[in-house]
Amino acid sequence: MSGTESQVAHDLAPAGEGRRANVLVRLYRGETAFDFVGRRRWWYLLSGLVILAGLVSLGVRGLNLGIDFKGGTSWEVPAHGVTVAQATKAVEAVGVTPSVVEGVGVGSSAHLQVEADLTKLPVAQRTAVEDKVAVALAHLTHTPVSQAEKDVTDVGPTWGSQITHKAVLAVIVFFVVVVLYISFRFEWKMAVAALVAVLHDLLVVAGVYSLSGLQVTPDTVVAVLTILGYSLYDTVVVFDRVADNAKGLGATRRMTYEDVVNLSMNQTLARSINTSLVAILPVLSVLVIGAQLLGATTLQYFGFALVIGLLSGAYSSIFIASPLLAQLKEREPRYRSLRERLAAGTDRGGLLTPKAAAQLALAGSGSARPASRAGSRGAARPGRARGASGPSAGG
């Protein structure tokens with residue numbers, strides 16, 4: 001056996017021979033071999049259950065839309081130590097069922113914000129009800145009635161419909177731009193996979209909001225649009241590596257497209273994890289410190305959507321977009337025939353880790369011909385060992 005062949009065999013040695021490094025070390029080196037595509041049915045099932053639960057909740061409960069979308073009336077008074085429960089009872093005592101009662105801010109700057117839908121009432125009756133609620137809150141919080149009546153805001157349903165229309169239009173424009181860009185930059189099948197991943201994230205966020213009952217505000221819409229951009233970014237990073245590997249190692253006819261996608265996913269897994277953590281941790285700090293400790297409710301609406309969307313975006317780029325892309329590409333005649341030819345072979349190749357793949361790519365360029373001969377024995381099968389001594393699929 002030549003020196004290069006010995007090196008490749010040494011890199012593919014099992015744990016018993018002392019070559020198995022720590023999982024985290026190999027993860028950050030891109031040397032893992034997790035079979036993402038082969039387990040796609042589990043990923044699809046998990047996403048399907050989450051989306052189904054959200055759709056059922058949307059059909060039964062719907063979304064808790066704020067007054068900016070459906071219209072309504074808002075009262076805001078200094079809290080002066082009054083709790084949300086006390087304010088709720090005071091408002092209900094005058095015959096109004098509030099949709100939202102919450103505390104905003106802490107300490108001397110704490111305020112109570114009450115919202116109710118009075119759009120169905122005639123103008124005169126609505127004005128009378130607004131005054132009753134303002135007086136009740138003023139007496140409860142020991143605030144001058146004139147100040148309480150001054151901090152009453154009416155939002156009409158027309159304003160809410162305009163916001164909804166603009167939000168839907170923005171999402172449609174985003175989808176069109178995404179499809180055009182990825183189709184031009186890569187190919188249309190990648191655009192389809194990316195679009196499915198983005199729709200997945202939208203459905204997950206909408207379902208979680210419906211299940212949790214958290215109010216949907218314009219800040220939520222801004223957060224959702226931010227989520228879509230992040231999800232697309234992470235997906236494009238993975239697809240860029242897939243395209244490079246398909247032109248390089250995939251052109252050797254030793255790897256199916258599914259193998260190429262698995263290899264690319266393992267190479268970019270550490271980057272995806274790091275990017276997600278860097279994005280989520282600051283948002284969590286804003287959500288916990290700003291919304292919970294400092295009482296900035298607006299940050300809660302914005303931060304909650306971001307956290308759910310960032311988690312879903314990281315998940316969809318790894319477990320939805322990439323396996324779906326592999327399925328679409330494997331249906332092409334050239335990759336279908338390649339898989340059939342490799343499956344009919346009697347000598348199948350062993351596990352091709354990213355480290356060994358880099359060595360074989362170097363050998364294919366002519367600088368290490370012995371490794372090229374050693375690595376040309378059949379298909380690279382992520383998760384399948386050569387003989388009884390190969391490494392496991394779990395990396």
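Which residues in helix 9 meet which residues in helix 10? In this predicted model, the helix 9 side of the contact consists of Met-190, Ala-193, Ala-194, Val-198, Asp-201, Leu-202, Val-205 and Tyr-209. Facing them in helix 10 are Thr-220, Val-224, Ile-227, Leu-228, Ser-231, Thr-235, Phe-239, Val-242 and Ala-243. Sorted by class, the contact comprises 13 nonpolar, three polar and one charged residues.

The geometry of the pair was examined next. Two packed helices are described by the angle between their axes and the distance between the axes. For helix 9, spanning residues 188–212, and helix 10, spanning residues 218–247, the angle is about 145° and the axes lie 10 Å apart. The crossing of helix 9 past helix 10 is right-handed.

When neighbours within four places in sequence are set aside, Gly-62 is in contact with Ser-57 and Ser-210. The C-alpha atom of Gly-62 is also separated by 8.8 Å from that of Leu-211, although the two residues are 149 residues apart along the chain.

Side chains of opposite charge can pair when their charged atoms come close. Five salt bridges are found in a search of the whole structure. One of the salt bridges is formed by Lys-329 with Glu-187, with 3.1 Å between the closest N and O atoms. Lys-329 belongs to helix 12 (residues 297–330) and Glu-187 to the loop between helix 8 (157–185) and helix 9, so this pair ties together parts that are 142 residues apart in sequence.

Two or more residues of the patch come from each of helix 2 (23–29) and helix 11 (257–293). Helix 11 gives the most, with four residues; Leu-281 is found in helix 11.

Notes
Residues numbered from 1 in each chain as written. Predicted model: local features only at pLDDT ≥ 70, side-chain atom pairs only at ≥ 80, totals over all residues. Heavy atoms only, no water. Axes fitted to C-alpha atoms, helices over the stretch in contact; angles between N-to-C directions. Left-handed = near helix turned anticlockwise from the far one by under 90°. Contact = heavy atoms within 4.5 Å. Nonpolar A, V, L, I, M, F, W, Y, C, P; charged D, E, K, R; others polar. Salt bridge = Lys/Arg side-chain N within 4 Å of Asp/Glu carboxyl O.
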